[in-house]
Amino acid sequence: MSTFSGLNTAYSGLVAARKGLDVVGQNISNANTVGYTRQRVTTSAVGSLAETGQLTGGLRVGEGVSVDGIARLGNAQLDAHVRNSAAAAGYTAVRANSLSSIETSLNEPGENGISAKLDEFWAGWQELSNGSDSATPAALLLSTAGELTTMIAQGYQAVSTEYSSVRGDLGSMVSELNTAASQVAALNVQIRTTLATGGSANELLDQRELLTTTISALTGASVVAQSDGTVNVLIGGNALVSGGTASALKVSGGTTLDDAMAGTKVTLAWADDSRTSDVVVDGGEIAGALTLLAPTGDFKRAADGYNGFATELKTRVNEIYSTGRDATDASPGNFFSIDGTKPAALGLSVIPLKGSDVVAGDVYGGGTYDGTIADQIAQLGAGKAVDVDGNPVVSPNATWSDFVSTIAVATQSELQQANLASTTATYASSQQLANSSVDLDEENVNLLMFQTAYQGAARVLTAVDEMLDTLINRTGLVGR
């Protein structure tokens, strides 16, 4: 190696050390930046030049160091684990939140729940059957019955409100998904261009990784890396993002609980009308919302539970109440009615308008107070009522208790799954951060290392410069 080539070797060391200091500075500056992945300068040794000819000989050392690039210290496997766990956590979180809201609206157990109001309702009939001909017990019974029908309607309305809330959230999720997909496509173009020209696209890769994680949390999408640095994002095997092109999605179908009750399905479809097939999502928040909104989903089952209970209450009470007789030997008709134009839970109402309209037994021709009908209705609450053949009659209390238990079990199961999925997602994120986040202690060590390397390369450069000065300016002056 000639003396002049020593200058180039020392200079390459200066360049490599300076580049290392620049990368360390970038890492330290972004230590608190969300989604930033730490970087390292990658270098390789430059070999010696080959020599030919008769005058060549001796050993030659290398020509210094080459800066090959700036490596992004991410891990594709950990990134995929984060996306998969985010999809599972998003799916269970949406379902758990909605089911919890429905369970909370039940107000069970508690004095504000339907169970407590049912007890008051049966107690009102028992009071009416005790032989008092005062109009006060009947008036109180009607008041309690009116409050009971109102609570049933409010419970059904709470399910309808939650349906509308999730349906609105679904539209927002799809808008967020479309925005993220278009941004990923734009970043694909930038990354491809940057890499093709030999630049570093690490910061762009960080931005794209955050966006693909968001897409996975929404839809459970998979990400497939391409050789040119771009990625394809697939939903149910269909490309949402392919290179620099992004497809948009839309929500179609039912918008209210009434639509779900009528069997109208909420679907995810391509915004491009030329693609007519529905989009099947593999997981994520959108999939969780779709299962709740389905015609066979949780909201429909909860609404059916309220309607079934309202119908059961009306049927059981009316079966007994209609067998009574007033003083004119006329049947009192029914105690409850249901408006056929509405869901049973919303259409349930009390027919008698005042206490004097309530018939408690068979009083025709007896001249004495008869409370047998009121007593039989009161036995419904105790589970002791029987039909005309002496067979036990299912109590509305049991029907309501089964409904509440079903909601509670489903909610508890979903909450447990949500907790497990959240724990898994947190662990996956922690592993990713442990691998890719900036460690300031490590960066300080690297800072010192590159600083020392820079000083050493500068010292070599100075030494070579002094050698050249001696060689050029002082050779031949010996002895003067």
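A residue counts as buried when its relative accessible area is under 20%. Phenylalanine 309 has 0% relative accessibility, so it is buried in this sense. The model is predicted.

Tryptophan 400 also falls under the cut-off: its relative accessible area is 1%, so it is buried. Now look at the aromatic pairs. The structure holds eleven of them. One joins phenylalanine 121 and phenylalanine 335. Their centres are 6.2 Å apart, with 50 degrees between the planes, and the pair is tilted. Phenylalanine 121 sits in helix α3, residues 114–128. Phenylalanine 335 lies in the loop between α8 (298–321) and β9 (336–338). The two are 214 residues apart, and the pair links distant parts of the chain. Phenylalanine 121 and phenylalanine 335 are both buried.

Return to phenylalanine 309 and tryptophan 400. Their ring centres lie 5.1 Å apart and their planes meet at 50 degrees, so this pair is tilted. Phenylalanine 309 belongs to helix α8, and tryptophan 400 to helix α11, residues 396–436. The pair therefore ties together parts 91 residues apart in sequence.

Ring pairs also build a cluster. Its members are Phe121, Trp122, Trp125, Phe335 and Phe336.

Helix α4 covers residues 135–196 and has 62 residues. The expected span is 1.5 Å times one less than the number of residues, so α4 should span 92 Å. The C-alpha atoms at its ends are 91 Å apart, which agrees. After α4 comes glycine 198, with a positive phi near 85 degrees.

Conventions: Residues are numbered from 1 along each chain as its sequence is written. This is a predicted model: local features need pLDDT of at least 70, side-chain atom pairs count only at pLDDT 80 or more; totals for chains, interfaces and linings use all residues. Side-chain values use heavy atoms; hydrogens and water are left out. Rings of Phe, Tyr and Trp (its six-membered ring) pair if their centres lie within 6.5 Å; planes under 30 degrees apart count as stacked, over 60 as edge-to-face and the rest as tilted. Helices (H or I, at least four residues) and strands (E, at least two) are DSSP runs, numbered from the N terminus. Buried means under 20% relative accessible area, exposed over 50%, partly exposed in between (1.4 Å probe, protein chains only).
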